[in-house]
Amino acid sequence: MKHFLRMLFQVCLYFYCKFLWRCLKFVMRKLTGRCELQRICYSTKPGASRTMKIETSLRDSKSKLLQTSVSVHPDAIEKTIEDIMELKKINPDINPQLGISLQACLLQIVGYRNLIADVEKLRREPYDSDNPQHEEMLLKLWKFLKPNTPLESRISKQWCEIGFQGDDPKTDFRGMGLLGLYNLQYFAERDAAAAQQVLSDSLHPKCSKFSKAEWEKKRMDKAIGYSFAIVGINITDLAYNLLVSGALKTHFYNIAPEAPTLSHFQQTFCYLMHEFHKFWIEEDPTDIMEFNRVREKFRKRIIKQLRNPDMALCPHFAASEGLINM
């Protein structure tokens with residue numbers, strides 16, 4: 001009975017707050033002469049703060065047009081903006097900036113949803129050793145990470161040198177499908193020097209770029225390494241979950257002037273690989289069995305950063321040049 005009354009109270013509170021909020025919006029419109037979309041666009045700076053408020057306003061609207069605008073096809077965004085302006089009785093000639101601002105926000109909102117679909121498609125596609133394109137990508141990964149060491153054969157223990165678990169990497173891609181391979185190859189190709197350094201450090205953590213004094217201070221005489229490729233697939237899983245949960249909206253809405261793309265996602269993966277590597281060294285785990293603890297602590301730190309509406313995870317990261325245009 002108590003549980004039922006608690007649920008009833010929560011439902012009543014929800015509808016009361018919703019009614020109160022609609023009344024407040026009506027009063028604000030009468031006082032300012034502007035609808036909620038106008039107030040957000042004119043009072044909030046561009047980026048995640050504005051786009052997330054616009055997204056919430058559209059999604060929570062009682063208008064079907066506004067509710068569905070967050071999921072229209074990118075080619076229909078311009079027409080959708082015109083329909084919204086007409087519905088809200090806003091003259092585009094008097095308020096030209098509103099249309100531009102709404103279009104930028106909708107491109108980001110719709111683009112984020114489409115990015116989830118693109119990433120999900122890659123995640124669901126299994127690695128196929130009979131597919132020449134898949135095999136080519138895998139061999140390129142080796143070439144980028146070990147440019148001076150020829151791969152003796154496709155099935156080889158050499159794969160363990162870059163962090164796979166056995167002599168055939170295809171078995172390690174089961175969890176994240178092609179997405180894991182796409183991310184690893186992107187990192188190894190677009191930021192080759194950094195990827196090779198992280199690989200080297202993961203194999204020989206004592207030889208990383210920390211100074212001798214820093215190593216001694218952190219007691220890293222017995223530093224524990226990790227499997228580069230396996231951790232890369234694991235960080236791909238982290239990036240995927242951050243994307244699907246909506247946590248990455250803050251980052252993407254701040255760095256992508258229009259629709260976030262797969263390149264933005266892969267660049268975020270590169271950043272997370274860099275940061276996790278540094279975090280692993282700083283945590284100084286006693287053995288590899290502490291991986292899940294370190295990963296969870298790292299995940300919580302990233303989520304905390306993403307709660308800041310002004311946050312951009314990698315605004316000046318090397319491989320992200322050309323992506324950021326605020």
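Read along the sequence, the chain follows the pattern α-α-α-α-α-α-α-α-α-α-α-α-α-α. It contains 14 helices and zero strands, taken as DSSP runs (helices H or I, at least four residues; strands E, at least two) and numbered from the N terminus. The structure is a predicted model, in which local features need pLDDT of at least 70 and side-chain atom pairs count only at pLDDT 80 or more, while totals for chains, interfaces and linings use all residues. Residues are numbered from 1 along each chain as its sequence is written, and side-chain values use heavy atoms, with hydrogens and water left out.

Of the 326 residues in the chain, 46% are buried; buried means under 20% relative accessible area, exposed over 50%, and partly exposed in between (1.4 Å probe, protein chains only). The chain exposes about 17900 Å², of which carbon and sulfur atoms supply 55%, with areas computed by the Shrake-Rupley method with a 1.4 Å probe. Contacts were defined as heavy atoms within 4.5 Å. Among contacts between residues at least 6 apart in sequence, 66% join residues at least 24 apart.

The largest nonpolar core has 82 residues, and those with the most contacts inside it are Ile54 and Leu242. Such a core is a set of buried Ala, Val, Leu, Ile, Met, Phe, Trp, Tyr and Cys residues joined through side-chain atoms within 4.5 Å. At least three of the core residues come from each of domain 1 (16-123) and domain 2 (128-307), the bounds being those of an automatic or database domain assignment. Apart from neighbours within four places in sequence, Leu242 is in contact with Tyr112, Ala247, Leu248, Leu272, Ile302, Ile303 and Leu306.

Helix H2 is largely enclosed by the rest of the structure, because six of its eight residues are buried. These are Glu36, Leu37, Gln38, Arg39, Ile40 and Cys41.

The structure holds 17 salt bridges, each a side-chain nitrogen of Lys or Arg within 4 Å of a carboxyl oxygen of Asp or Glu. In one of them, Lys45 and Asp310 meet at 3.1 Å, N to O. Lys45 lies in the loop between helix H2 (36-43) and helix H3 (48-59), and Asp310 in the segment after helix H14 (291-306), so the pair ties together parts that are 265 residues apart in sequence. Both side chains belong to partly exposed residues, with relative accessible areas of 48% for Lys45 and 45% for Asp310.

A salt bridge also joins Arg295 and Asp237, with the closest N and O atoms 3.0 Å apart. Arg295 lies in helix H14 and Asp237 in helix H11 (residues 228-245), so this pair connects parts 58 residues apart in sequence. Arg295 is buried at 12% relative accessibility, whereas Asp237 is partly exposed at 25%.

Glu283 and Arg293 form a further salt bridge, with the closest N and O atoms 3.1 Å apart. Glu283 is in helix H13 (residues 262-283) and Arg293 in helix H14, 10 residues apart. Arg293 is partly exposed, with a relative accessible area of 37%. A network of salt bridges links Glu283, Glu290, Arg293 and Lys297.

With a disulfide defined as a pair of cysteine sulfur atoms within 2.5 Å, the count comes to zero. The sulfur of Cys105 is 5.4 Å from the closest cysteine sulfur, in Cys41, too far for a bond. Cys105 is buried at 2% relative accessibility, while Cys160 is partly exposed at 32%.
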